[in-house]
Amino acid sequence: MRLSVLAGALSLFVLVSWGTIPTVQSQSLDGIVAAINQMNTTAKIALMADFLIRTPVLYNKLEKILLGALPLVSVVKIRPEINRFLLPWVLDKIPEVLKSELLLNVTRVVVNEVNHVNITGLNTSGIDPFMAGFISRFDLVHTGMLSLDVVLDSLLPSFGIGQQIKEFVTIFGEKISHVIIKQIQSEQFNHSSTVQSLNHSTAQSVSIETIIRQMNITQKIGLMADILIQQPELFNKLEKILLGALPLISVVKIRPEINRFLLPWVLDKIPEVLKSELLLNVTRVVVNEVNHVNITGLNTSGIDPFMAGFISRFDLLHTGMLSLDVVLDSLLPSFGIGQQIKEFVKSNGEKISRVIIKQIQSDIRSQLQVTANSTSDTKMSQSSLLQLGVGILQTILTPMENVFPKPQRSTLTDQCYSDSMIFLNNLLRGKKWAVQMFDSAGKPPTGTLTGNLHFIGSYDQCLSITPQSSSDGGQLTTTDTRYCRATFDIPDSLMASVTSLIGDVNTYGVPITLTEGLCLPASCQEGDVKELFKLGLLKSFNLAPSVECSNSYSLEKDRDAIIVIIILCVVAFVCIMATLFHIYRFSEDDEELRVFSPSLPEAYDNRGYESEMKETQFSTEKRNGHTTGNGHLHSEDVDIESLDKSSTEKYEGAKEGVTKSFSLYQNLPDVLSFDHPKDSIQCLHGIRFLSLAWLVLGDTFLYAALSLNKSPVTGNLLEGLNMLKQFTFQAVFSSPFAIDSFFVISGFLVTYRFLRKCTRKQKLKWQSIVGFYSNRYIRITPVYIIIMMVYTCFYHYLGDSPLYPQSIAVADKCKENWWHHILYINNIVGTTGNTAFEQCMPWSWFLACLMQFYLITPILIVFYLWSSVLGSVIVGLLLAASVVATAIKEKMYTGDIMSTMSDGGDYWNNVFITPWCRVGVYCIGILLGFVFDTYDSREKVKMNKVVNLFGWLFSLGLMITLAYSPFTKHREGGYSWTPLQSEVYEAVSHVVWALALSWVIFACAKDHGGIVNWILSWRGFLPLSRLSYVVYLIHPVVMVAFVYNKKVLIYMNNLEMAYMFLGHLISSFAVGTLFSVGIELPFIRLLKLLKRRGCSSNC
């Protein structure tokens, strides 16, 4: 029987080979079929024998194929009771397969790709050299994907799951194939090591091979012909196979210059494949499974009835998985990816296949229902792919405890682990609450190359979900959820890949991290989340995230917060009661206090904030025949004197004074008043407000770009930082010059106040100096400390968003270093080793500098009163020393405001906030006060129009130059400044800015300001300037509360930043108004009540 099969196989090879000859291909199929049908069996066999005798080379190749198949044939030992039905059935099915449209289309694709291979330059000296070059140029993966596309088009529906699978394979199949081929090559996969020839064969195979080799060609052909004549039924089946293969043969029209190498090469390779250990092992598996089919009770009346029952009992899927296991054992290495694939297929392959088959069968039934019912929705199968995916995941991953086992020594709590596994198991089962939790977790967005690596998810949705226990899903220990944010450091290798695509972007010390928002059971804490990333396969990635989870803080246990609440409640209660008492008790006697009378705004404006935002207004006071006016920050002492004269006479005692100090009925109109002293320097109001607005603008960008923790709040950080390269953005970058403006105004007003109150002929008593210091401290400190307390103790309760940090260093540090701020030494003590965002209220360095400058101001004025030249020289020397010190420090700690994080705080701590680097600008303000003292006897200074125009052009030109000079290094393709350039700019720029601003103040005050003075002196700036000190203190707190309470990431662009700036500015003024009328102004009025003697009475 085996000899008959071999003879038939050889004849089939002959017929097929004969069909590949070009002369036969050129004939029509109908003609060939007609010619064969007209011949009897003997004639057909004779024709085949004659063809073989005339083509001995072809016969030799076919004989090698026959001998190579002998071991394989010897393995095919199928039980006779099965084989008598199976073999005829297989032979009958082969023609159907050969004539199928699917095989024809696939063959056309392959032939077309073969014919399109460029063989120019290939070595044609032999088959092997030619085929080596041909294979290197033949795109096997692309050809396979095209063939697979044809298969999917033919076998799967054109809608529903079929179309989705086709799209999936089209998109990812080729990429996956390339990855697999590359990985196999990297593991040194050697085809020759896996396709091994047999060293021996069965005895029967050896005997058959010996018999055949002892014959000559004529005898061999004669033997084959005799066997076929004796087996007419077998020959008829082989003939049907030939006729079925004719359409396929006609498609195989390979270019002759390729075919003359390809056909012999294929025939030579077939014996190697047939003798391979892999094919033999797979055949053994298949034959063994076939022989183990229980055929008891099957219908043996015919081939088709028997095979129908046989196929129903034959487990094709199991057999296929066993065969695949053999293939993996042979082809894939026992280590690396090979071992992982093998284990995965062994453990899940059969289960996955069953799920796929079940889903496809379900989909086919759905399609049949759609066809039967025309009114049905033809899109009813669109969810099939999702159902299939869920089914596969359920099959592979459930229970999740097997996929993510808990290590014995893990610190992961049992409650968190159990609840997390229940959540994942229910997610795969499609439970609504679990799907909602997964939906609220973060997913990768677009724009990752612009820095959008923060997948924050839906915070509110997560916290609104109520997990539910079920009998099949396990019992949860909690019915609440917790939102957690895991932040991962980006590996250097990955960052190198990203920078290779987008270029090297300077992040100014902001770490590039990846943030993942997680929705987990409430039983999981930060430490548990870290351990979850060490379970199962996740452990191999060595993930070590920093985790912050949403927590509800208990106010009842927060002693510090309770104390602050009590203080605020007391203040609010006193203000309310004082307001009511004022209205019903003193309103009749103090009617003018209820209107915006000049005296009250004047009294309030005189509060004298000599800090950047505080010292911009002085009250007017008649002294020595002229008016002391400076409208922005009225001097404290003068303020108090004025207040004493304007309102003390109307008070009937301390009770009335205290009442009106806390009365909102009194304080709110004072703050919002547009009235100002007639002869005050009105331009200072505008300069003060615009400087504050400029500073808020710069901080708006700074707080969006430089995060308080490792999780930035910006979705396009890399793109946003590129805004710095824009020319117009340099104005934002240069906003720290606004602080220099405040220093100038403060130095000017303090000096001007002293000189207006004390004549040079009089001695300055020590009581006046002590009073000056006490007034400065008492006026500045209360509201400063209250804001610090509120921020430090309440920031936990101000935020409720996925971005809000669990700890804010700029607030937490205040619990340790609060006394630095009370003593105003926070800019020189406790800064070493800390960046700006690691210091308590880092923006308060300005107040420390200002208070330190106040300590030396009376001394400098004493020298000036003794000798104006000596005083001016000493101030000038101090100015020069500051410039030199700044240059030296800049040389040691080169940087700018954007290097606050990248240099570990060196520039910030040693240059930006130190008093010796800032006192120079303050000295400019003192010298400006000296100049005003010189010209005080004349309200208007005569000035040539040319000189005036030159002064304005020069000063404005200096300001613009200073603000936009950094563009040379920030712009695209700009050059890095040399250390010398950085030193000169840092040392000189602030002083030059102060000089230019001094000209603006002098020109506007002496009636040479024109339209600039008209704008800066607008009455609308008055209430805004009065609030500037409190707004300066509160605006960073407002920014943090807004930015970190957002539920989505900030997208940095010009419009977004402008909108946020306006929001920050308005909100800061709104909050600042509350602190001003409730805390700041009451303490100013109380100080007035306690004051016994002023500077004017001591001079």
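Contact here means that heavy atoms lie within 4.5 Å. All views show a predicted model.

**Figure 1. Overview of the protein chain.** The protein chain contains 50 helices and six strands. Of its 1099 residues, 51% count as buried. Among the contacts between residues at least 6 apart in sequence, 80% join residues at least 24 apart. The accessible surface of the protein chain is about 51200 Å², and 62% of that surface belongs to carbon and sulfur atoms.

Figure 2. Helix 8 spans residues 127-137, and its buried residues are Phe130, Met131, Gly133 and Phe134. These four cover an arc of only 165° around the axis, so they are on the same side of helix 8. In an α-helix there are 3.6 residues a turn, so residues three or four places apart point the same way. Asp128, Ala132 and Ser136 are exposed and sit on the face of helix 8 turned away from its buried side. The cover over the buried residues of helix 8 includes helix 7 (101-115) and helix 15 (256-274).

Figure 3. The strands are arranged in the order 1-3-2-4, with mixed pairing. Strand 1 (454-455) and strand 4 (546-549) are at the edges. Each of these two has a single partner strand, so one side of each has no neighbour in the sheet. Strands of a sheet pair through backbone hydrogen bonds, in either a parallel or an antiparallel way.

**Figure 4. The pairing of strand 2 with strand 3.** Strand 2 (residues 481-489) and strand 3 (residues 513-521) are paired in the antiparallel sense. Nine bridges make up this pairing. Asp489 is placed opposite Thr513 of strand 3.

**Figure 5. Met841, a residue with positive phi in a loop.** Most residues other than glycine have a negative phi. The phi of Met841 is positive, near 40°, and Met841 is not a glycine. Met841 belongs to the loop between helix 38 (814-822) and helix 39 (845-866). Its relative accessibility is 1%, so Met841 counts as buried, the cut-off being under 20%.

**Figure 6. Asp1007, a residue with positive phi in another part of the chain.** Asp1007 has a positive phi of about 65° and is not a glycine. The loop that holds Asp1007 runs between helix 45 (979-1005) and helix 46 (1010-1016). With a relative accessibility of 49%, Asp1007 counts as partly exposed, since exposed requires over 50%.

Conventions:
Residues are numbered from 1 along each chain as its sequence is written. This is a predicted model: local features need pLDDT of at least 70, side-chain atom pairs count only at pLDDT 80 or more; totals for chains, interfaces and linings use all residues. Side-chain values use heavy atoms; hydrogens and water are left out. Buried means under 20% relative accessible area, exposed over 50%, partly exposed in between (1.4 Å probe, protein chains only). Two strands pair if DSSP finds at least two bridges between them. Accessible areas come from the Shrake-Rupley method with a 1.4 Å probe; for residues, only the protein chains shown count as cover. The arc is that of the directions from the helix axis to the C-beta atoms.
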